[in-house]
Amino acid sequence: MPLKSTPQRYGAVAIAIHWITALALLGLLVSGFRAAGMEDDVAKAAILRIHTATGVAVLLLTLARILWWVAVDRKPPHVAGQPRWQEIASSAVHGLLYLAILLMAGSGIAMMALSGAGDIVWGGAPGPLPDFTRFAPRTGHGIGAFVLILLMLAHVAAALYHQFVLRDRLLARMGLGRS
Ligand code: HEM
């Protein structure tokens with residue numbers, strides 16, 4: 001499979017970043033909600049170690065993906081024959097997904113920096129962990145998580161609609177199945 005995209009399908013680099021990010025986001029949502037609901041600080045710090053490392057990795061992957069699109073590769077055009085409003089909705093959801101990821105990562109890093117929790121989560125300093133809700137970025141992180149879930153649901157629903165209702169094999173463009 002070529003590294004760069006063609007008019008028919010995404011290239012290997014875009015496909016790899018897409019599926020790694022999708023899996024990582026699921027892990028981030030599960031670990032984030034789990035951590036937020038925990039009382040035991042030792043277990044919570046262990047989960048936050050994984051959560052924060054994965055979050056920073058997703059941030060770096062997303063920045064690499066933006067650079068890849070801007071400087072190297074070109075996205076395949078919209079699927080032919082769909083109404084204009086669906087093209088606009090698809091581009092809007094894709095753009096908002098990027099934005100939501102950047103905001104989640106930014107608010108997460110700001111939350112750690114302002115609260116000083118990095119020393120406990122990463123530096124081995126004794127707890128207790130701070131109450132993150134006392135720091136403003138925590139509000140953005142909570143709302144952003146909800147918005148991200150809505151965007152991911154819309155994105156997956158649209159892909160499944162193409163694949164199973166329109167039967168246009170859209171998923172093959174992202175490396176799943178025969179085109
Ligand atoms: C980039 C994608 C990220 C996603 C999708 C994500 C997702 C989440 C979710 C769903 C929660 C629970 C929110 C709630 O209960 O309302 C959460 C909590 C948290 N996240 Fe993230 N996160 C991301 C990145 C980060 C990063 C980069 C950091 C820090 C470096 C971070 C630090 C935290 C912390 C400290 C909490 C716990 C807050 C608490 O206990 O109240 N997150 N995250």
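User: Why is the crossing of H3 and H5 called left-handed?

Analyst: In this predicted model, the crossing of H3 and H5 is left-handed; the term applies if the near helix is turned anticlockwise from the far one by less than a right angle, whereas clockwise is right-handed. Local features need pLDDT of at least 70, side-chain atom pairs count only at pLDDT 80 or more, and totals for chains, interfaces and linings use all residues. Residues are numbered from 1 along each chain as its sequence is written.

User: What makes H3 and H5 roughly antiparallel?

Analyst: Their axes are 9 Å apart and pack at about 155°. Angles run from 0 to 180 degrees between N-to-C directions, along lines fitted to C-alpha atoms over the stretch in contact. Over 145 counts as roughly antiparallel, and H3 and H5 are therefore roughly antiparallel to each other.

User: Which classes of residue make up the contact of H3 with H5?

Analyst: That contact divides into 16 nonpolar, seven polar and one charged. Ala, Val, Leu, Ile, Met, Phe, Trp, Tyr, Cys and Pro count as nonpolar, Asp, Glu, Lys and Arg as charged, and the others, Gly among them, as polar.

User: How do you know that H1 and H2 are roughly antiparallel?

Analyst: The axes of H1 (residues 12-36) and H2 (residues 41-72) come within 9 Å and cross at roughly 150°. H1 and H2 are therefore roughly antiparallel to each other, and their crossing is left-handed.

User: Which residues come nearest to the ligand?

Analyst: Of the 28 residues around the ligand, Gly32, Ala36, Gly55, Gly108 and Gly142 come nearest. The shell has 19 nonpolar, eight polar and one charged.

Definitions and conventions
Helix = DSSP H or I, 4+ residues; strand = E, 2+ residues; numbered from the N terminus. Parallel < 35°, antiparallel > 145°, perpendicular 65-115°, else oblique. Near = placed C-beta within 6 Å.
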